[in-house]
Number of protein chains: 4
Amino acid sequence: PAEAAPAAKYLAESLTILVIGASGDLAKKLTAPALYQLFTRDYLPKQMTIVGYARSEKSDEELRKAWRPVLLEAHEGEEETIDAFLSKVVYRRGQYDSAEDVAAVFKEQEENEQADGQQVANRLFYFAVPPSVFADIGAAIKEGALSQTGWNRLVVEKPFGKDTESFEELSKTINGLFTPEQTYFVDHYLGKEMNQNLLVLRFANSMFEPLWNRNYIDSVVITFKEDIGTEGRGGYFDSFGIVRDVMQNHLTQMLALIAMDAPVRASGENFGNYVRDEKVKVLHAIKPISIDDCVLGQYTAPDDGSMAGYTEDDTVPDDSVTPTYAALVMHVNNPRWAGVPFVMKAGKALDQKKVEVRIKFKTPVAAECMFPDVRVPTNELVLRVQPNEAVYMKTNVKMPGLAGVPVATELDLSYRTRFDDKMADSPSAYTRLILDCLRGKQASFVRDDELRAAWKIFTPLLHDIDAGKKQPTKYKAFSRGPAEGDEFVSQFYKRDPTYEWHPPAKGDAKM
Amino acid sequence: PAEAAPAAKYLAESLTILVIGASGDLAKKLTAPALYQLFTRDYLPKQMTIVGYARSEKSDEELRKAWRPVLLEAHEGEEETIDAFLSKVVYRRGQYDSAEDVAAVFKEQEENEQADGQQVANRLFYFAVPPSVFADIGAAIKEGALSQTGWNRLVVEKPFGKDTESFEELSKTINGLFTPEQTYFVDHYLGKEMNQNLLVLRFANSMFEPLWNRNYIDSVVITFKEDIGTEGRGGYFDSFGIVRDVMQNHLTQMLALIAMDAPVRASGENFGNYVRDEKVKVLHAIKPISIDDCVLGQYTAPDDGSMAGYTEDDTVPDDSVTPTYAALVMHVNNPRWAGVPFVMKAGKALDQKKVEVRIKFKTPVAAECMFPDVRVPTNELVLRVQPNEAVYMKTNVKMPGLAGVPVATELDLSYRTRFDDKMADSPSAYTRLILDCLRGKQASFVRDDELRAAWKIFTPLLHDIDAGKKQPTKYKAFSRGPAEGDEFVSQFYKRDPTYEWHPPAKGDAKM
Amino acid sequence: PAEAAPAAKYLAESLTILVIGASGDLAKKLTAPALYQLFTRDYLPKQMTIVGYARSEKSDEELRKAWRPVLLEAHEGEEETIDAFLSKVVYRRGQYDSAEDVAAVFKEQEENEQADGQQVANRLFYFAVPPSVFADIGAAIKEGALSQTGWNRLVVEKPFGKDTESFEELSKTINGLFTPEQTYFVDHYLGKEMNQNLLVLRFANSMFEPLWNRNYIDSVVITFKEDIGTEGRGGYFDSFGIVRDVMQNHLTQMLALIAMDAPVRASGENFGNYVRDEKVKVLHAIKPISIDDCVLGQYTAPDDGSMAGYTEDDTVPDDSVTPTYAALVMHVNNPRWAGVPFVMKAGKALDQKKVEVRIKFKTPVAAECMFPDVRVPTNELVLRVQPNEAVYMKTNVKMPGLAGVPVATELDLSYRTRFDDKMADSPSAYTRLILDCLRGKQASFVRDDELRAAWKIFTPLLHDIDAGKKQPTKYKAFSRGPAEGDEFVSQFYKRDPTYEWHPPAKGDAKM
Amino acid sequence: PAEAAPAAKYLAESLTILVIGASGDLAKKLTAPALYQLFTRDYLPKQMTIVGYARSEKSDEELRKAWRPVLLEAHEGEEETIDAFLSKVVYRRGQYDSAEDVAAVFKEQEENEQADGQQVANRLFYFAVPPSVFADIGAAIKEGALSQTGWNRLVVEKPFGKDTESFEELSKTINGLFTPEQTYFVDHYLGKEMNQNLLVLRFANSMFEPLWNRNYIDSVVITFKEDIGTEGRGGYFDSFGIVRDVMQNHLTQMLALIAMDAPVRASGENFGNYVRDEKVKVLHAIKPISIDDCVLGQYTAPDDGSMAGYTEDDTVPDDSVTPTYAALVMHVNNPRWAGVPFVMKAGKALDQKKVEVRIKFKTPVAAECMFPDVRVPTNELVLRVQPNEAVYMKTNVKMPGLAGVPVATELDLSYRTRFDDKMADSPSAYTRLILDCLRGKQASFVRDDELRAAWKIFTPLLHDIDAGKKQPTKYKAFSRGPAEGDEFVSQFYKRDPTYEWHPPAKGDAKM
């Protein structure tokens, strides 16, 4: 692998991973590939077993058969390694509410765990199940499955409730059973390269932090665009809507990383909590969003009929008013950000696929005076999460040549250009996160009080949407979304009409 | 041409360019090609004559013959255009101290100037002669050659004296004859793309100015390296030395553009003087350099004998102690820069050819605390003047992948990558400067009080060097210069051992 | 009273205050007067009883008799009001470890609590007892004395352990019995006018926060000087020493208020926790103090023999090496303060009585250049806690008159001058704190994690002192302390030799 | 005197002061007292003669008799010293356009100048005459009166023209005769204590400069209020109006000192020009004022008839539209000040006599969030020029006591309180200025290019006013001026309704 495997403590200990809900799609499509990537990079200990667990009857081989194609598709030509990996996978059937069933699994595994004289057995419980069974399986684990010699960690997937109230219930359940140190709430956006990079980018460089405040920054825009619709998942989606699906969690997590103050430490002892202390702090500084501070949309079939409209999805009610698009503005009322709008824009079935953050700077002070005869474009720092990670700063220079016209260009760091070899084989967000869980790095996971603070911001808006206080505006699939959305955003963020970014190609010329 | 010719007023008027010293090398190698570039880009008026003037006897055709090869070499395949250009060139013989001779030239030219009913005749006097004849030719022009209907401008080349005293003499001579508005002192470094860009880069972007001070910047290093020796010009060079040859003028001009405060205006009415007011102001804040604040060197033949040592040059005295290398430090004592060393390093016969400015930032505040287990490289903004213009900012990001190691990379703007077409056909510094003179843009020329302020900084050091108070250390040609030089510089600027810049290639992939 | 009584909710409810340890000195000298001040200002509800509780046999009247003289001395001529207050005071005998005894008290009080149809009974338990009985009395209260209709709050006095370990024990005891919302750890320095003012001063003014960082501040010195010795309390003091007695708690609390970042809120909902979050954060950024970073002293009798030396105190062992003086330096490793020394200096039997914070600014940038012929004194912001609260900023102006010499003077806010009427009748720190407890404002109390963080900073040093790794230097009583102390401090803070502050008098001239 | 006389070079040389226009009021009321104050403080050389010069016939004694009462009135009981001073005064009659007359004076004085073997004779020409005779007397002096052994300096009083054109004429006249080094244009506001203090206050303190910009300052208001009318001087005043009389000169000078950037040096070599370079620079950044950016007023008799209305003044035309009041706003378009309004307000016959600058800070960032339940007053730095010099900073603190309400108070430096002895005997502005002229300190005088820049800002407005494009609004004498004025100002500066400054009294209590 590109990097040497770290000499982490857990690697010398034994590990059992219990994938709860092993028959499901999440386990197959996300958990299994992530575990495989760790396996091939030597990030899993030698004494390791993956136990698939679910209610259905299934043999070990059946589970392996179910997982193999997904791995093969992504890793062509690695048949042998895949088989080696799958040989570590077994399947055990059990009820989610049965401490006995769970206990039986570990009774059986104990022998593996102690092989080669291992003294320490770590256990990772991966919850690839809906929240409705969290309480049952959690209680069963607590009663029957905890290791006495090593650590026990739970990896839990969203949704973490639908609003403040339902979250508090979930929180009570989990906190009643496990300590915060044992609980790893996943927001997989925290596993993305760019988000993992944010601490280094912001705090290990001299040039960003002094500018990172209301004196210099005009607005921040966080954009999430998908160029596909619900594609059959409409039923699930319809009970959430775009705000719950990506804004309240993924985009809010990104906002927190962008907006937070410097933590006591960004690496080393206890940094996971220091970082999350700051994320919570900045979320507390945000007022709940008003229904008046947002625009909602819902896509219809495009003119060419190449896709069904949202409500034409068979799994979606005909009269659904669930938004598939939203644009909204948030205000961070603290000394760093007071007065700077944080705009979020997210939608399905839009004109492109893109996730990015734009940090727009104010017009250079007095530029109008110093360059009275010239339009000076504003600077923007763009953090592109996908596709193709890039960091670039829109910068003005004199157009080379004799005319002396200023022109916007960019200081660019395109990951594919610069880190070709690393990116080609880039691990998935899930891979990173499971690795961080194994390493005990909680910074990449969401803490209970973060979730609470995020729900506090969004719950009034969500309740108003649920109560039908604002109808989504229809927009054609594959468009930019409803015109009101662009208008709304333009109150806070003026697009520069003349500028377009061109990514440099990966070059081989060296000096 | 890449840009449309500007509708400048002078283009609609008649123009006579008197190249004084037309037989010389400077005229042939620099003035003529620059005029040709302006000609091909339509930056010269239709009613235009270039009059070569010198003491030797020569026909028009002989001058054209002398100039043609230089133009052809640089512009292969443009024979026809070159001939069209040369057809505008005539030669007139005269004494430099004869007002009559000069008057005769313009008597003759008047007819051309008034062709097509032209009312306004502009005259540009290009001094491609040594300063010893400035007084004579200046007086002759003043007496016999000034246009009464248009402007009269003098383009004067360095050297502008050898120290404060000799400069004052020159200044008195020229100021006695012409106004500051008529006088264009050339420092051709001001014509270089990067230097012309500095006003825009610094003041038309929001992100540099707030960082551009002692709170954030650790040191500034201006480097000039040539990989050739004196190559026969040693005689001339020996009476100047490296400090006078490039530091007191070119590098000091760059320093002033880097260090100066924001001018009242950076374009528009009177901006040339506003800019130069600031350059003068910052030079006044610099204390004269002490001989103790510098290291001197002189190159010897390399081990492989591929070049003669400096004193082995036939035109150089065997016992010459003229420095061919110098490193020195300057202190700008004002609220912006107090405590920040400005280091200059210049030399001939070094390991590479390079001119660049490095602006090194301080370690991100408290990075040692926030990243206690990690070495955080410092940021650097690099302005590369040659070869291959580039602006890049050394920036830290997390190494992509699972290991989480921080790594220095760069936000990069390489001109050749970004502005391929513009740069391929890039005009020379002289071309820009003559054009700026025609346009009356004095910002690119040095003002009398700037020259005075620069000499004030360097004169004590130069007098000490001339008096032999410090002997240059010998260094092998094609090396990095004397070890003392690197040691000296390292007091103020610590090189990052692990980092190396890779310019991106010009790519054609677009999104 | 000067201010209208606030319409706080608790005022309309009933209140029982249980003063545990009512026979002791603390109860008599601090608790009783504070309660009296609240009583006279109408900050106690109408339905209110103060129950003195201790192990000794005593009648109500005996307790009143014990308390009356202290009140009379401070409030001459208020006999009637004092009697009205004391009529609210009763005494009940009981064991500290007896839930029954405590329960009996409240069984009896219930009737009072419900008088006039009161529905809500609040109970404040004031621990005026040594920590050794905290566990017992706490358990007894928990079992037998909690109100079911209103709040229950514990006011607990220092010492909170002697080091990290002993604190953790105490913390475990209290947290095992009561929630953080119920527990009010007192550091009475948080009740002092100047410290209560710090949030407003720092964050409700535009001019301090931008300067409040390493770019502008050179050092911070916190000084605590007493002009008396142990005066018979030597026995108690000897087991603590000056570091534990005032530095680890009082001065560290002041440091935290000075150094912390802006909280989410400084008033309003949950601000008590927001403020303490920031105090904890900044304490986490401080490295444990090394024994090498301090100077210790112990006073001897002065030359005139007017006082006994420390070890001559009968209650102090002859060979005691307990420090009565210490000077030490702390480093706050965060982006705001990295590189700025925080100096603490505290001692008994020194030349004056004074508690103050000095925030010394850096020399005005480049002042040496702009005023080359002049010594420019540095600015200092002084926050005087006692005697006589004052805020003043040492500021340079031109000496009025013709000579043009600069001179240090001050922008001054002396509380007695400005707020004469308010200050004359100023409430004690304890009064404020008990009131804040009644109001539920926890910001003025220390949180569990704050205490932990403070102990973490001091414990290694304290253990080294306890282990005798550094002997205190003797100093004469009523001197400035050991010369080493002044030398040590002068490494970080240079005293301005020429300047002296003169407080303005309270004037009656108005414009 | 309070300060020791400086050992200035001129004190050891001889000095002749020619007071041109000695019979006039200016000479008697301002020049003579200023010279007397220098005399009593030993700031005049021993070899010194004051020669009164005018066209009328008069004996030495007659001039002394004219000057004596003014001196006596201000310096009761100093008869003897006054006589000693007057013994140095002589009177000589002559025409203003006669070089011979002037030459004769100095022919006669030469003997005095060379008494005691003096080698160096300095001459100060004080122009207490209207500008109409500047050209004549200037030429006469140049031809006949210049010292060959010492310096020659001209002190010239306003008015310096009425607009750009008339100023250029004056400038041409004076520059044609004397060098800038010889010319001292007086704006007596530059001699006032507070203005002389501004360089020290701004640049010798750490705390002002970082705040002194658009990020922190909301607005600047410069106020000039007189509580008297034209009082018989109406005829003169009517041809100028309030804008020319105090705004274009005095208030603009104050604005320049407040708004300018840091000069290369604020004391020492050449600082006078460095300071004026910055004043010119900031004036260049101000756009000419539009007639729409001002409000004009003219006073009428008050209701009680205690004063005549402006047009009722016999020397004023009945239909005069000359403003006696104006409020206007200026914009300084540079990186420091872009967006910050500079408001000027000036008037005669207003409710009080006051000259002051108010620098209003922005609301503490996010104060609304941090103190959500509280109105936080803004900070203001007030520089009071008269009456009674003071510098004070409106600062918020917690109201002492239990209520915790924030309250605006001030950090105060009242000169009379702090510098009682100095201020009682404070020299007049003219005294300072003549002394500065003797010392060659040009910083306190206005430079040619400053005057030009100031006229450029005001000329369009003045021409519009002269052309009657805006009629002044009538206001009652002794009121606050026209209501439109307050409304206009309130667009840029909101007065804090609750706050009032109370100057502390001079106290004798010391600690």
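Predicted model: local features only at pLDDT ≥ 70, side-chain atom pairs only at ≥ 80, totals over all residues.
Which residue forms a salt bridge with Lys158(A)? Residues are numbered from 1 along each chain as its sequence is written, chains are lettered from A in the order in which they are written, and side-chain values use heavy atoms, without hydrogens and water.

**View 1. Salt bridge of Lys158(A) and Asp245(A).** The closest N and O atoms are 3.9 Å apart (salt bridge: a side-chain nitrogen of Lys or Arg within 4 Å of a carboxyl oxygen of Asp or Glu). Lys158(A) is partly exposed at 28% relative accessibility, whereas Asp245(A) is buried at 9% (buried: under 20% relative accessible area; exposed: over 50%; partly exposed: in between; 1.4 Å probe, protein chains only).

**View 2. Salt bridge of Arg336(C) and Asp261(C).** The N to O distance is 2.8 Å. Arg336(C) lies in the loop between β9 (325–331) and β10 (341–347) of chain C, and Asp261(C) in the loop between α9 (241–259) and α10 (271–284), so the pair ties together parts 75 residues apart in sequence (helices: DSSP runs of H or I, at least four residues; strands: E, at least two; numbered from the N terminus). Arg336(C) is buried at 12%, as is Asp261(C) at 16%.

**View 3. Contact of chain D with chain A.** In this view, 11 residues of chain D contact 11 residues of chain A (heavy atoms within 4.5 Å). The count of salt bridges between these chains is 0.
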